[in-house]
Amino acid sequence: MDNKAMALTVNTFDDLLNMNADMHDSIRRLTVKYADCKSSIRHVCDVLTALHRLEWLEIQNPDGRFCTINGILYSRNGKSLYFCPREREGSVRVQEGTEVICKNAFSATNISELIIPDSVKRIQEFACGDNHVLEKVIGGKGIVSFGQYAFFNCVKLTELSLGKNIKLIGNAAFTNTGLKNVDLPEGLKSVGGGAFHTVHITEDSYMVGVEPEGMYEVHIPKSLKKIGCCAFANASVVYAENVNRKLLMACVQSGNMQRYHVARFWRLKVKDKPELILPKNIESPELAAQEINEFLNTDGRKIPHLYKYGGRVYGGYGNAALAAALEHCRLYPDKQVKTFLTQHAAKIADVYADEAEDLVKYIQAGVFSDTALKKMMTELEANKKGRDDLAVIKGYLLNAIKPQKSNFCL
C-alpha cells in the first residue's frame, strides 16, 4: 500500500476479505489486478462499501462479471452499474448503455449531480439513497421504474424529471427529498406509499416544516391505478378525473413525517367542478369520497363541508380540520361553517397565535362572526399574556369587531 497516496493494490477482491479493519478508513484509491474472484457480486459490493473513504476503483484485468469505467464498478457488458465509491464527489455521469442502477449503487456518496443516460431502464431499491449533497438528477428519460427508497433521504434534491416511460414508483422512492415539481406522465401505473413525502432543508441543514410555497401540484394520470397512502403527502392541489378512498389517503400526512409540514389542507379539482378543500388528515375516507362523488354527480348540489373529516383530538377537532374550515369559509362562506368556526374560535386563536399572517388574512376575509372574534380576543388576553408580538393580531381583531349600537338618547 502507498500510504502517502492512500492507494492500495490487490490481486483480487478476495484479498480484501482478510484486510485489517483499521485500513477501511484510509484507502482512497483501490486497484484490483484481476477481477476474477470467489465472492458473489453482492459480497464484493458489501466489501467495497466498508471502504468509507474510497474515491476511485480500477480493475486492470476485467473478467466475465466485472469491469470499471471512470472509477465505478459495472458489469462486464456495462449494462448494470454495481457500485460507486462512497467518497466520490461532484458530478457523475452514468455510462451510456447502462440499463440498471443496482441496489445501493450510489448510496451515501458525496456526489452533487447525477447524469443518467436514456438507456437506463431501472433504478433499484435504495440505489441512490442518503446522498445528502445531491441536488440534481439530469436525464433518465428512459427510466421505467424507481424501486422503493430509490432516492430516500436525498434532502437537497430539488431537480428531477420523470420521463414519459415511467410505469412504477416504489414506496418512499422520493421521501425526504426537496422536490417541488411532481409531473406524473400518462402511462404511470403505480405510485407507492410515501413516494413524494417531501421535506424542506434550511441552509444550516435542518429539516423544517414545508411551507405552502414548498408544496407541489399533482395531475393524476388516467393510467394510475395503484396509489399508496401518503404518496402525495405534500400536494397542495390535486387534479383528478375520479375520486375514491385511495386518492384521498394518498394526499394526507401521517406518521413521523407529519411534523415536517406546516400546510394543513389541500385542494381537489375534478373536471370543471369548483375546487374542494380537504384537511391533510382524513378520518372516514370512504364517507368523504362518497360525499364528494355525490356532489360531483349531482347538479346544483351544495359544496360539501369536508373539513369535518379532519379528525378529532382529545374530544375536539384537530388543527387540519380547523385550517380546512377556515379556507372553505374564505372561498364558500355560509352559516354552517361560520358556526363551526365560532364554536372553535378559542382554539383557532391558540393555534394561529404564532402564524399571524395567516390569521390576519382570514380576519380580513370576514370568515369570523363577532362572537368568534371576541372569543379569540379573550383567548389571547387570557393565555398569551406578555407577548408583544400579538399586538398586530389584536389590532385586526378589534377593528373587525362591529361597534355596539348605543340605546342612549337625550
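Mentor: With Arg42, which forms a salt bridge with Asp46. This is a predicted model, in which local features need pLDDT of at least 70 and side-chain atom pairs count only at pLDDT 80 or more, while totals for chains, interfaces and linings use all residues. Residues are numbered from 1 along each chain as its sequence is written, and side-chain values use heavy atoms, with hydrogens and water left out.

Trainee: Why is the contact of Arg42 with Asp46 called a salt bridge?

Mentor: The term requires a side-chain nitrogen of Lys or Arg within 4 Å of a carboxyl oxygen of Asp or Glu. The closest N and O atoms of Arg42 and Asp46 are 3.6 Å apart, so the pair qualifies.

Trainee: What separates Arg42 and Asp46 in helix 1?

Mentor: They are four residues apart, which is about one helical turn. A helix here is a DSSP run of H or I with at least four residues, a strand is a run of E with at least two, and both are numbered from the N terminus.

Trainee: Why is Arg42 called partly exposed?

Mentor: Buried means under 20% relative accessible area and exposed means over 50%, with partly exposed in between (1.4 Å probe, protein chains only). Arg42 has 35%, so it falls in between. Asp46, at 43%, is partly exposed too.

Trainee: What makes Arg245 and Glu286 a link between separate parts?

Mentor: Their closest N and O atoms are 3.0 Å apart, and they form a salt bridge. Arg245 lies in helix 2 (residues 245-250) and Glu286 in helix 3 (residues 285-297), so the pair ties together parts that are 41 residues apart in sequence.

Trainee: Arg387 forms a salt bridge with Asp354. Is Asp354 buried or exposed?

Mentor: Asp354 has a relative accessible area of 60%, so it is exposed. Arg387, at 24%, counts as partly exposed. The closest N and O atoms of this pair are 2.7 Å apart.

Trainee: How many salt bridges are there by this rule?

Mentor: The count comes to 15. Arg267, Glu275, Glu327 and Arg330 are linked in a network of them.

Trainee: How do you know that strand 12 and strand 13 pair?

Mentor: Pairing needs at least two bridges found by DSSP between the strands. Two bridges join strand 12 (residues 145-146) to strand 13 (residues 168-169), so they pair, and they run parallel. Phe146 stands opposite Ile169 in strand 13.
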